[in-house]
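Hello,

Here is the structure for you to look over.

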Amino acid sequence: MMITLDQRTALEQAARKRITDSHALEGDADRLTHFYQGWASSYDLDVGRDGYCGPMIVAELAGAAQTAYLAGRRNAIAILDAGCGTGLVGVELDRLGFRLIDGFDVSEEMAGKARQTGVYRHVRGDVNLNRRLSDYSSASYDLTVCCGVLTLGHVRPDGLRELARVTRPNGFVIASTRKSYAETTSFEDEVRRLQDEGVLIPAQCLSNGRYVAEEDAHYWVFQVPEKVSIPAEERL
Ligand SMILES: C[S@@+](CC[C@H](N)C(=O)[O-])C[C@H]1O[C@@H](n2cnc3c(N)ncnc32)[C@H](O)[C@@H]1O
């Protein structure tokens, strides 16, 4: 069915409104879950209409980090996709030859969509990155990716600490931050704090890269240092 220019503009505006509305959820797990439950079926179309290219950039940075620094074949690299949503990042990672991809999301509805893509080894719903990721052991992934999740109203900057914890020494955490998130939260302070504590090292940053039509993002590549401090409760 052909759609008119007016209809297309209306659809683009509706998509943009959904995206903006998602930024007002204040990191509240119940509100996020409810909001994404209602968005899961049209999310891919909406973000596509808004020119969302974060998943491709994050996946390509993961590919570059793997080729440049990680030994072993790409299909044996274990990746965690934090806040996987409907699986857009997983699909891009699969396209690049990654095969051991796990994902989680606070929304069971979104996690269900990710499972349907068939590219994930395992996807968990009802997992909140604003809390400790108690289902995930320390140092269990070579790469952890997080796209569109360290964003307004979703996950606080200290979520980065958990992403680093589940990533093995010398592995990488790759994350996008919308420009307005980086500017209005303490994200960069958190990065400095984690660096001072020896939890992660900022290795690269693509500043002001394309993200969605109305706003750019920064794309971060962090490396987990060789000697990581293991949380007290996990020490033998
Ligand atoms: C904008 S979507 C991004 C999804 C996917 N990564 C992508 O790039 O398409 C944000 C996702 O983060 C999830 N999310 C929001 N807050 C979360 C939290 N505290 N813990 C885990 N997932 C969360 C949402 O349910 C949603 O699926």
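The notes below cover the ligand site and then the aromatic pairs.

This is a predicted model: local features need pLDDT of at least 70, side-chain atom pairs count only at pLDDT 80 or more, and totals for chains, interfaces and linings use all residues. Residues are numbered from 1 along each chain as its sequence is written, and side-chain values use heavy atoms, without hydrogens and water.

**Ligand site**

The ligand is surrounded by 23 residues (a heavy atom within 4 Å). Y43, Y52, G83, D105 and C147 are the closest. By class, the shell holds 15 nonpolar, seven polar and one charged residues (Ala, Val, Leu, Ile, Met, Phe, Trp, Tyr, Cys and Pro are nonpolar; Asp, Glu, Lys and Arg are charged; the others, Gly among them, are polar).

D105 places a polar side-chain atom 2.5 Å from a ligand oxygen. For Y43, the distance to a ligand oxygen is 2.8 Å. N128 has a polar side-chain atom 2.8 Å from a ligand nitrogen. The protein covers 97% of the 590 Å² of accessible area that the ligand has on its own (Shrake-Rupley, 1.4 Å probe).

**Aromatic pairs**

The whole structure has eleven aromatic pairs (ring centres within 6.5 Å; planes under 30 degrees apart are stacked, over 60 edge-to-face, the rest tilted). One of them is Y52 with Y211, edge-to-face, at 5.4 Å centre to centre and 90° between the planes. Y52 is in the loop between α3 (43-49) and α4 (54-69) and Y211 is in strand β6 (residues 201-212), so this pair ties together parts 159 residues apart in sequence (DSSP runs: helices H or I, at least four residues; strands E, at least two).

Best wishes

How values were computed: Polar contact = N/O pair within 3.5 Å; in protein donor to acceptor, adjacent residues only side chain to side chain. Phe/Tyr/Trp six-rings, centres within 6.5 Å; stacked < 30°, edge-to-face > 60°.
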